[in-house]
Amino acid sequence: MGSEMCIRDSVVNGTKIWTTSAHCADRMFALVRTSKEGRKQEGITCLLIDLKAPGVEIRPIITLDGKHVFNQEFFGNVRVPVSDRVGEEGDGWRIAKFLLGHERSNATYVSMNKRNLRKLKEIMADQRADGERLADDLGFVRKVADLEQDMLATTTMAMRQLAAASADKPMGTEASIMKLRVMDAYKQCHELMMEAGAYYAQPFERGHIRGEANTEWVGPDYLYRMSPDYFESRAMSIAGGSHEIQKDILAKRALGL
Ligand SMILES: Cc1cc2nc3c(=O)[nH]c(=O)nc-3n(C[C@H](O)[C@H](O)[C@H](O)COP(=O)(O)OP(=O)(O)OC[C@H]3O[C@@H](n4cnc5c(N)ncnc54)[C@H](O)[C@@H]3O)c2cc1C
């Protein structure tokens, strides 16, 4: 997105994609280019944009499971008062890094991972059609035990991050380590659930996911969400900056490579 700075207002033109819940929001923050001078990190300004302002259009992006979570916004000569500028003109990159540190450290998923692990253990304890239980399959039990260890370690790391955030300390590179490890554990848990659910977990029924189906689901209730949740879990190593980007940050800022 680009913006011309006037004495009082900015005028924003351009587009921004993948904004979660923009259709429910009154305002958004945006990083806009206000100068082409200097390094590419310079000349970026952080603005708070009123999504009801003239010239703003929000278009929905519907995901595979039929849900409306994502959006793309289009800006045509949208005026933003200088009072809605965050920090100084050209200081947006510093603000963005601060916000991204918090976004990554917010992604601790402690309760979500605990809930998913509990669900996985319930599935393991359930009897399968052949009368066997996954809880008696030592290979599978070992994979779940490894995952539980990882989750314990990431929970400790997450607690440290949350304590730093509440003490208003900068997030640092630990936020990237945590995002990598937490999201890997999250994805691993969904992979094991799919393995446990086997053939019954594979149907991908939009109607059941959206609560609009007028037929009964075949098999236990937890199965109808298993494959959409699995696909959604794959996106978690992209949201908030992809895994490769986190590794780059660690290589440069933590290891000085
Ligand atoms: C569930 C979800 C929710 C999201 N919510 C929001 C939101 O609310 N607001 C918002 O602004 N955005 C949101 N996003 C967008 C998200 O921030 C971006 O998709 C993400 O940062 C990746 O950027 P990109 O799509 O431009 O991919 P790119 O950065 O272009 O990456 C494309 C591919 O190239 C690889 N790559 C890129 N650079 C390097 C490199 N230097 N070295 C090695 N590999 C590299 C990446 O790993 C990836 O595989 C969301 C995305 C998802 C999946």
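User: What makes Arg-79 and Asp-9 a salt bridge?

Analyst: The term asks for a side-chain nitrogen of Lys or Arg within 4 Å of a carboxyl oxygen of Asp or Glu. In this pair the closest N and O atoms are 3.3 Å apart, so the distance meets the cut-off. The two residues belong to distant parts of the chain, with Arg-79 in strand S6 (residues 68-81) and Asp-9 in strand S2 (residues 9-17), 70 residues apart. The model is predicted, so local features need pLDDT of at least 70 and side-chain atom pairs count only at pLDDT 80 or more, while totals for chains, interfaces and linings use all residues. Residues are numbered from 1 along each chain as its sequence is written, and side-chain values use heavy atoms, leaving out hydrogens and water.

User: Why does Asp-9 count as buried?

Analyst: Buried means under 20% relative accessible area, exposed means over 50%, and partly exposed lies in between (1.4 Å probe, protein chains only). Asp-9 has 19% relative accessibility, so Asp-9 counts as buried.

User: How many salt bridges does the structure hold?

Analyst: There are 14. One of them joins Asp-136 to Arg-133, whose closest N and O atoms are 3.1 Å apart. Arg-133 counts as partly exposed because its relative accessibility is 32%.

User: How do you know that the buried residues of H2 line one face of the helix?

Analyst: Helices (H or I, at least four residues) and strands (E, at least two) are DSSP runs, numbered from the N terminus. Helix H2 covers residues 110-125, and its buried residues are Val-110, Asn-113, Asn-116, Leu-117, Leu-120, Ile-123 and Met-124. Viewed down the H2 axis, they fall within an arc of 150 degrees, so they line one face. That arc is taken from the directions from the helix axis to the C-beta atoms. An α-helix has 3.6 residues a turn, so residues three or four places apart point the same way. On the other side of H2, Ser-111, Lys-114 and Arg-118 are exposed.

User: What covers the buried residues of H2?

Analyst: The cover includes helix H3 (138-166), helix H4 (174-197) and helix H6 (226-234).

User: How do you know that the reach of H1 is close to the one expected?

Analyst: The expected span is 1.5 Å times one less than the number of residues. H1 has 15 residues and reaches 21 Å from its first C-alpha to its last, close to the expected 21 Å. Its buried residues are Gly-92, Ile-95, Ala-96, Gly-101, His-102, Arg-104 and Ser-105. Their cover includes strands S3 (27-33), S4 (44-50) and S7 (85-86), together with H3, H4 and helix H7 (243-254).

User: Which residues is Arg-234 in contact with, leaving aside its neighbours within four places in sequence?

Analyst: Contact means heavy atoms within 4.5 Å, and Arg-234 is in contact with Lys-187 and Glu-191. Arg-234 lies in helix H6. Its relative accessible area is 33%, so Arg-234 is partly exposed.

User: What is the phi of Asn-77?

Analyst: Asn-77 has a positive phi of about 50 degrees and is not a glycine. Most residues other than glycine have a negative phi. Asn-77 sits in strand S6 and counts as exposed because its relative accessibility is 52%. Ala-198 likewise has a positive phi, near 50 degrees, without being glycine. Ala-198 is in the loop between H4 and helix H5 (206-209), and is partly exposed because its relative accessible area is 37%.

User: What does the secondary structure of the protein chain come to?

Analyst: The chain has seven helices and seven strands. Along the sequence the pattern is β-β-β-β-β-β-β-α-α-α-α-α-α-α. Of its 257 residues, 36% count as buried. Along its principal axes the C-alpha trace spans about 75 × 50 × 30 Å.
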